[in-house]
Amino acid sequence: MTETVASFNVTAAFHSQLNTLCIREFPCGYGSWRAQNLSSNVSLKSTRPISAVLPTIIPENSAQLETVENLQELAVKTPYDVDSTWSSEAESLREIAVKTPDKLTEAFILKFFKSLRIVDKKVTEIDDGLLRLKNLKQLTLSANLIKNIDSKRLPKGLEELELAANQISDISPLCVCPPPLIHLGLSYNLISSITGHMKSISWPHLLSLDLSFNNLADLYNTINVLKTLPKLKNLVLQGNPLALVPGYRGYTIDSIRQLTILDDIRISADEKHFFKGLSKLKDVPVDEAQVMITIKTIKGVKMPEEIEDPEINSDYPKTEHKYHVEFQYLKSALRTILCESPALSIPTISIMADDSHSETQEDGSTVYNDENQPSEDSGVFQTVATGSLPWNEEGIELDYSKKFHTSLLVPLRDFIQDGIYFTVVKTKHLYVVEDPNAPQNLETKPPASAKSRPGSKMQKSPTKEKRKDSGKGKGKDGKGKKNKQEDIELFELPRTRSILGSCQVSLASLLEGELEVETECVCEGGEETGDSEKKDGGSGAKSDSSDKKKPKDPTDKPSKGNLRAATPGKGKAGRGKSSKDDKKTKEKDKHEESMEDEEDGAPLPPLTIQVHIKLHYWKSAREAAQEFPPQGVPSLTEHN
């Protein structure tokens, strides 16, 4: 159920703020606390001495009365001071309430205000009572709940109107005979179009217009409307979807020639020169954004078990771990035009075990379909993955870089507002000799040339028999098949994925005028879903390897008879020598154990990834023309 909001108009909000001035309460206004001003009550022409008048004016309790000067001092001190920032005239009105409270009639107060700020007061409606403020020039109604603005209810002399952070989606009632505004602020609203509303005849005096952070996505039609405003000098459009296209700033500057400030940045003469003619280029699109996403390095990944203990891979299944980064991007907007990173030569197949649900790109990256990678907004986003690489002590250099083009500007703006999530994924690969899907036949062995999936081959060291055969095949010159190894095709078992960590990168600065975001973000919250089985297997492998590595104790005590039989006449000397070796071996083992404990006890560095997100912008009309030349002429990017 949607919560209904109680109606609250501007007039009620104004009187509520006027009451906070306490202009009829101590120390303002008339009351038992005020002493009469003697100089104003005694006639200048009177010949009577002031001493003769005093007894009739000052009552007996005159010690409790305050003079005007004292009241003025009290009015600006705690607890009698009040907030007067909501109007430039509020402080002056309070001074009048102290000095000459008899002037404070309702008509005087309504005519006194020239500026009014009613911010975050839950105002829902602009009513006719605002017309009584006949001298009002500046009106701010930001951060309220206003949905409609009727220009007929605005004071006729109003010059500045600020309506930021409301719920305005339609500005057509405002554009019917509006007051002669020189500034109009409509930022942070829900406006998606101004076409057909803002005509030059209705806004002949408008110098400044703020439409930032709305839903304006049509750059061409929006600028065509704004360029008809004859006196427009200051324009703010940042935060709108249309501001994400490469030609936004240049197209706007070239179209509205009288502009001097765009998005709070002064337009230089060089900018006007470089962008000259951009608005007249026919083949240059103004409805498509380009975002470059670069993922450089993964750092802080723990050494995988097969590298830490190579004996794990002494037998089948062979184990291999690889790492990649995944992120979500707009599904229907994914179209790779230019990939600035070299294709990664990875001797593996695509990341998922079932290739039918994923699509491998030219640069080694992978796009997952919804069936394989579910998400909350599966209809809008799809998961994109970088190429998968093995562990490296210095860091896993992905060097992934891809440029995405999209004409879905509103979803792209929302995507940038929410930020982008990156996830570091570890994939465990297991390889076996026998095909796990083949029918089991105990009598016949599986053929050595059984087909495996492309890219899943691994080499195995030759057996002793093969080495002998290769030795027989040598010629007289000693050459031939020396050190030749046998290639055995291996079958890959279903892969195990585990999430090492994820992080969110804020992209809000891209909506505020920045062109790029570069950071090294720390990943947290990893859930290694397949680690239970890995840890069990790993610990078993380590225990086996430790048993294999453990040297036999040369001082294993046989029976005394056997010792003497082996070394007749030298039993004592032999025992003495072996005891010394035993001490040395124990000291060596203790030293190695202490070194291993120190290595295990050292804290691992945090898991981080280096990312760089950049919005593509044209710096000149020439750059745009080179990227999108006329039809029949190859573009510069295609030529390269």
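**Assigning terms in a predicted model**

Colleague: Why is D263 called buried?

Modeller: D263 has a relative accessible area of 10%. Buried means under 20%, exposed over 50% and partly exposed in between, with a 1.4 Å probe and protein chains only; D263 is therefore buried. The model is predicted, so local features need pLDDT of at least 70 and side-chain atom pairs pLDDT 80 or more, whereas totals for chains, interfaces and linings use all residues. Residues are numbered from 1 along each chain as its sequence is written, and side-chain values use heavy atoms, without hydrogens and water.

Colleague: Why is K122 called exposed?

Modeller: The relative accessibility of K122 is 55%, which is over the cut-off for that class, so K122 counts as exposed. K122 also has a positive phi, near 60°, and is placed in the loop between β1 (115-117) and β2 (138-140).

Colleague: What makes Y188 and F213 a stacked pair?

Modeller: Rings of Phe, Tyr and Trp (its six-membered ring) pair if their centres lie within 6.5 Å; planes under 30 degrees apart count as stacked, over 60 as edge-to-face and the rest as tilted. By this rule there are 11 aromatic pairs. The centres of Y188 and F213 are 4.6 Å apart and their planes are at 5°, so the pair is stacked. Y188 lies in the loop between β4 (183-185) and β5 (208-210), and F213 in the loop between β5 and α7 (219-226), so the pair ties together parts 25 residues apart in sequence. Y188 is partly exposed at 46%, whereas F213 is buried at 12%.

Colleague: How do you know that K318 sits over the ring of Y316?

Modeller: The rule asks for NZ of Lys or CZ of Arg within 6 Å of the ring centre and within 35 degrees of the ring normal. K318 lies over the face of Y316, at 5.0 Å from the ring centre.

Note on methods:
Helices (H or I, at least four residues) and strands (E, at least two) are DSSP runs, numbered from the N terminus.
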